[in-house]
Amino acid sequence: MAQLLHQLFSGLANGGIYASIALALVMIYQATHLVNFAQGEMAMFSTYVAWSLIDWGMPYWAAFLLTLVISFAGGVIIERVVIRPFDKAPVLASVCVFIGLLAILNSLAGFIYTYTIKPFPSPFPEKAWYGSVYISPHEGGEIVVMLVVLALVYAFFRFTPLGLAMRASAQNPVSSRLVGIRVGWMLALGWGLAAATGAVAGMMAAPIVYLEPNMMGGILLYGFAGALLGGIDNPWGAVLGGFLVGVLENLAGAYLVGADLKLTAALVIIVGVLVVRPSGLFGRPVVTRV
Amino acid sequence: MAALLETRSLAAFYGPTQVLYGVDLDVAEGGITALLGANGAGKTTLLRALCAMVRREGAIRFGGGRLDNLATEDVVRLGIAHVPDGRGTFVHLTVEENLRLGAYARRDKAQVAEDFERVYGYFPRLRERRWQQAGTLSGGEQQMLAIARALMLRPRLLLLDEPSFGLAPLIVRDIFAILRTINREDRVSMLVVEQNANLALDLADHAYLLETGRVVMGGTAERVRGDEAVRRSYLGY
Amino acid sequence: MTTVSETQPPTAARLVAGLPLATWRRIGAAAAAALALALPFVASSYHTFQFTQVIVYAIALMGLNLLTGYNGQISLGHGAFYAIGAYVTAILVSKFDVPYWATVPVAGAVCLGAGFLFGLPALRLEGLYLALATFALALVTPQILKFKDFDSWTGGVQGILIDKPDAPFKLPLDGDQWLYFFCLAIAVPLFWAARNLVRGRVGRAIVAIRDHPIAAGTMGVDTAIYKSLTFGVSAFYTGVAGSLGGIVTGFVAPDSFQILLSLYLLVGIVVGGLASISGAFFGALFIEFVPTYSDQLTDLLGDRAKALPWAVFGLLLILFMYLMPTGVMGMLRRLGFWLERKSSAGS
């Protein structure tokens, strides 16, 4: 029983990270109907930026916040410079651009920081009052951080005029222009927000998986699985999906397929969802007009 | 009365295909101008051209300034509200959110709150449904919402594309009555595209007739209504 | 636009420097063939090995192009089929003593089946979603290959070694030269078959499905069968390539088949030219030699340059999409037409 609870909580902790990535993916998908294959590498690069800041002596939370700001700016710039020219291009062109971005970010990180694995500090101490047999302080703290971030993002979209404008732009760009919204900039902001959300995921994951250029590959896959499971056009479904995938992954790894094939379980979820119910648990079914 | 909106030699294109040819059109300040014509005549395209939603050439003057080099968002910010065909409601957002978006471009918060009240005054049914998802409203209610959203901009000019489309006659009558009131009391000028020529000519004081992308006739509503050819083709008697 | 009054006598067809474009194309092809045949005798062992790898990649790219370029189904996971082909060959050779040349068709057949089977659920996935699913497949492939329970078959992380074959019938060729001709002898008929396929009825159906699946369906094209079969045939080609690749390098291990491979293949068809069978060779040249030259920069810039090929790929992928979306073959075709027009304008 203790084992099960431990797996459950550990799964939720991982799930928080996957939920963040899933949210970032859905934010971009909602606005552009494209899947950002480079989301993981963007998060990884942000984490390296944080590492540099901490290495230069900045206290953890200051570095954390500054990294969020830098990631946000980075996301905006990437959208305007790299992605924007292809907004009317066919799907394959966009996919190629994302893959290209993935490659560039991965190798840039490898070039600047080398491929040696680096440890990344956790802001939560080894032993603390909120740790227990079931859940380590980092896992517990990380879940709280994730929930805070997700709550902030939710509040932003739900209660602020800018958030409303961004939601409107994603749903109906034509009508949005007709009320004076600069849809292009909304898109860029969406990317910025997605980049910042991904950065949080990266910084929370790094203490566990260690910092190296390929750290986000598996996490990205779980993020995809979570986003698809929850509904690729539903941000909160995707968050739920992320947590679900985290728990399922852990349970499957412990009781079903063993740790080695956990990633394969993600593949099965992805293909399964896409084939059985592409709109996911909470998404809206897409109607194609002939 | 001075012309609020003037187009000279306006042409519009969908890709390489030209659909509007040399359109000269005026909308008087405080007036209502109707745009008549059959399906495919180019009426919707004309409204879209005014809002930079399609490629266009030619001169467009609004309140003294030029519109022809502005993007849609900037045209809107000058005070032109467009109620598109199909209504363009944000179907996944609530009624209240739709209206709030209508006022997105404005900075005067106090007046926006006033306008909420005014708009709910014109359309009490919207107030009843303010927290409902816009997509769940009936056709008539969505049309009201679309017009209400446009009014939230406090526009100087309201562009309406087929406001009667798909609506029951009673609802249409109500809506057109409200449009008349808005024009009179809030001094909002209007350019109304309508296939229902009778309805349009009742509301408007001026009218233009479009046929395959060209203006073939223009003048006061009286004159257009009295024209023999128009009567036969568009008014049915 | 030429007006009707400008009739040209039939014999004075548009010429480039005195010859019709079609003749130039034939000359080009003949020159390339001559070069290809002569190469192993003039190049070093290592270069011959590299060009053999180019041929192998070209076969894989032909397969991927059939699926993605012509049929519009985006696969980011073709590395998986390459891996299956390689492992089939490696297992048959090392465990069952099957002669290496016999394993190639078997690898192809296995991949044909695997591709067709994967193509069935793929029918329900459009563009992006298929890209996502195949991306996941590619990420997962090394993990599946390393799975402990399969170790006795796959050789685990260590992989499987195969001996390099010698030339048969005591031909006066060394191992590298023989393998080069072996792969070339397989590539040529496959190239010819693919070319005929895309130029015929089947090819038109496949392209129709890419451009307007609903219209194609209403015209009587059985979309489902065509799409699954295309997946199968595409996997066949890539599986054959994987098998040959395994024979040529003599070593098959899970880490050779990371997501990188699938992405390299994608870059290859983009650079060579989507919907072009001939473009496969240009794409293959690109994939083989760009990493090699980037490696040489390692000497200058130290170990970090390991990252460079990846960066170059990424950059080139984006630039190609922006500047040359039709790839090298597209460029060559346009160049040909431009030269044609210039010559006839001058005359």
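In this report, a residue is called buried when its relative accessible area is under 20%, exposed when that value is over 50%, and partly exposed in between, using a 1.4 Å probe and protein chains only. The model is predicted, so local features need pLDDT of at least 70 and side-chain atom pairs count only at pLDDT 80 or more, while totals for chains, interfaces and linings use all residues. Residues are numbered from 1 along each chain as its sequence is written, chains are lettered from A and ligands numbered from 1 in the order in which they are written, and side-chain values use heavy atoms, with hydrogens and water left out.

## A strand in chain B

Let's begin with β3(B). Helices (H or I, at least four residues) and strands (E, at least two) are DSSP runs, numbered from the N terminus. Strand β3 of chain B covers residues 32-36, and because five of its five residues are buried, the strand is largely enclosed by the rest of the structure.

| Partner strand | Sense | Bridges |
|---|---|---|
| β8(B), residues 189-193 | parallel | four bridges |
| β9(B), residues 206-211 | parallel | four bridges |

You can find individual partners too: T33(B) has L191(B) in β8(B) as its bridge partner, and L36(B) stands opposite L209(B) in β9(B).

Chain C contains 14 helices and four strands. Of its 347 residues, 50% count as buried. Contact means heavy atoms within 4.5 Å. Among the contacts in chain C with a separation of 6 or more, 80% come from residues 24 or more positions apart.

Now turn to where chain C meets chain A. This contact takes 37 residues from chain C and 46 residues from chain A. Together the two chains bury about 3,800 Å², with 82% of it on carbon and sulfur atoms; buried area is the accessible area (1.4 Å probe) that two parts lose on being put together, summed over both.

How many salt bridges cross the interface of chain C and chain A? The rule finds zero, where a salt bridge is a side-chain nitrogen of Lys or Arg within 4 Å of a carboxyl oxygen of Asp or Glu. On the chain C side, α5 (127-145), α11 (259-272) and α13 (308-323) each supply at least two residues. Of the helices, α5(C) gives the most, with twelve residues.

Note on methods
Pairing = 2+ DSSP bridges.
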